[in-house]
Amino acid sequence: MPKSVLRHIMVIGLPPIESRKLILNLIKQIEPDNGENRLVCYPGLSDNMDVALYCLLEHDKGQEWGGGHVRLAEEEAFLADFANYLPQECLMVSGEPCCLQLAQNYGIAALGYESEEAAGSQERPRAVMYAQGFEEIDWYFLRHVYERYHGLPWTILQTPRCVLREFSMERLPELYQLYQGQGMTDYIEPLFPYEKELEYQKAYIKNMYGFYGFGMWIVCDRQTGELIGRVGLEFREESGGILELGYAIGVPYQGLGYATETCLAVLSFARDKLEAEEIYCLIQQGNEPSLRLAGHLGFHRVDELNLDGKCMIRFRKYL
């Protein structure tokens, strides 16, 4: 996996009001310990740029506040600065097709602006993702845009003992090792043979993560980075496309509260980030540990259904 680090956010060619929203969002979230100019916002200015914003930035220019992470430059300086940046360290935010085309030509991740009037247009500029406004766009969202472009796994959540992140292909051997634990596949499907699983995971990363922004994630120990399980959210077509919680904790870590800890974090994510009102889980009859966990998490039994010849109990939780 290439070692890519986001250092420069180049904002150019946005309507003034959208530039103001974005830059003010970024200013509010700057942390004093960002370190070595990790993120730089480059706002392109135009004659009708918000004067108050300009004064706000100028007032703090050169001070320790923000560690120099926000810099202002005229639009005429864009190409000169562009030439000095490494493409793999940049993210461009723009609504100008020529700028986004430049980003594409040089291998730069880009977030495109698309007005509501132009939504769905066949001529919209090319970008990793598109935004119709910047009220809720922050450093974390921009970093996710950058990571998606470079094929880097998103870090989704952290719990006291674990990190939940997207699966990446170099961890496939660890996943096989996880599934080799005694009893691991008694109530969950085993992995495919290696070459088939390889293709399946590539497609999953592209389609599930890429389209929905969520899926089954890997659970890693915060101290060692070791893969200790999987947990996440999926849509199950066989039962009507419901949002479903899934989990599997490796044998050495079972009975230590990891499933409860990570599942509670995922349920909060579903409520707060996805604005889901309810979530389901399907548990095979006889899987007593998972049945107990469902009750502990606040799920209530709804009904039973047959999937591939297995009796599955469906539970629901209102968020």
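I take buried as under 20% relative accessible area, exposed as over 50%, and partly exposed as in between, with a 1.4 Å probe and protein chains only as cover. I am working on a predicted model, where local features need pLDDT of at least 70, side-chain atom pairs count only at pLDDT 80 or more, and totals for chains, interfaces and linings use all residues. I number residues from 1 along each chain as its sequence is written, and side-chain values use heavy atoms, with hydrogens and water left out.

**Entry 1: overall**

I looked up the secondary structure and found 9 helices and 14 strands in the protein chain. Helices (H or I, at least four residues) and strands (E, at least two) are DSSP runs, numbered from the N terminus. Of the 319 residues, 48% are buried. I then checked contacts, meaning heavy atoms within 4.5 Å. Among those between residues at least 6 apart in sequence, 61% join residues at least 24 apart. The chain exposes about 17,000 Å², and carbon and sulfur atoms supply 49% of that. Areas are Shrake-Rupley values with a 1.4 Å probe; for residues, only the protein chains shown count as cover.

**Entry 2: cores**

I searched for nonpolar cores: sets of buried Ala, Val, Leu, Ile, Met, Phe, Trp, Tyr and Cys residues joined through side-chain atoms within 4.5 Å. The largest has 52 residues, and Leu245 and Phe299 have the most contacts inside it. Helix H8 (residues 258-272) gives this core its largest share, 8 residues. A second, separate core has 19 residues, including Leu22, Tyr113, Trp139 and Val145. I listed what Phe299 touches, leaving out residues up to four places away in sequence; among them are Leu245, Leu267, Ile279 and Phe315.

I followed strand E9 (residues 216-221), where 6 of 6 residues are buried. Pairing here requires at least two DSSP bridges between two strands. E9 pairs with E8 (residues 162-165) in the antiparallel sense over 4 bridges. Cys162 has Asp221 in E9 as its bridge partner. E9 and E10 also pair in the antiparallel sense, over 5 bridges. Ile218 has Arg230 in E10 as its partner. E9 and E10 form a hairpin with 5 residues between them, and Gly225 in the turn has a positive phi of about 80°.

Phe235 is in E10 (residues 227-236) and is partly exposed at 36%. With Phe211 and Tyr212, Phe235 makes a nonpolar surface patch of about 340 Å². Patch residues have over 30% relative accessible area and no salt bridge; like charges are joined within 9 Å, nonpolar side chains (Val, Leu, Ile, Met, Phe, Trp, Tyr) within 5 Å.

**Entry 3: salt bridges**

I counted 10 salt bridges in the whole structure, each a side-chain nitrogen of Lys or Arg within 4 Å of a carboxyl oxygen of Asp or Glu.

Asp272 bridges Arg271, with the closest N and O atoms 2.8 Å apart. Asp272 is partly exposed at 47%, and Arg271 is partly exposed at 39%.

Arg314 bridges Asp303, with the closest N and O atoms 2.8 Å apart. Arg314 lies in strand E14 (residues 310-318) and Asp303 in strand E13 (residues 300-307), so the pair ties together parts 11 residues apart in sequence. Arg314 is buried at 16%, whereas Asp303 is partly exposed at 27%.

Salt bridges that share partners join Glu18, Lys21 and Glu135 into one network. Glu18 and Lys21 meet at 3.5 Å, N to O. They are 3 residues apart in helix H1 (residues 16-28), which means a separation of about one helical turn. Glu18 is buried at 7%, and Lys21 is partly exposed at 23%.
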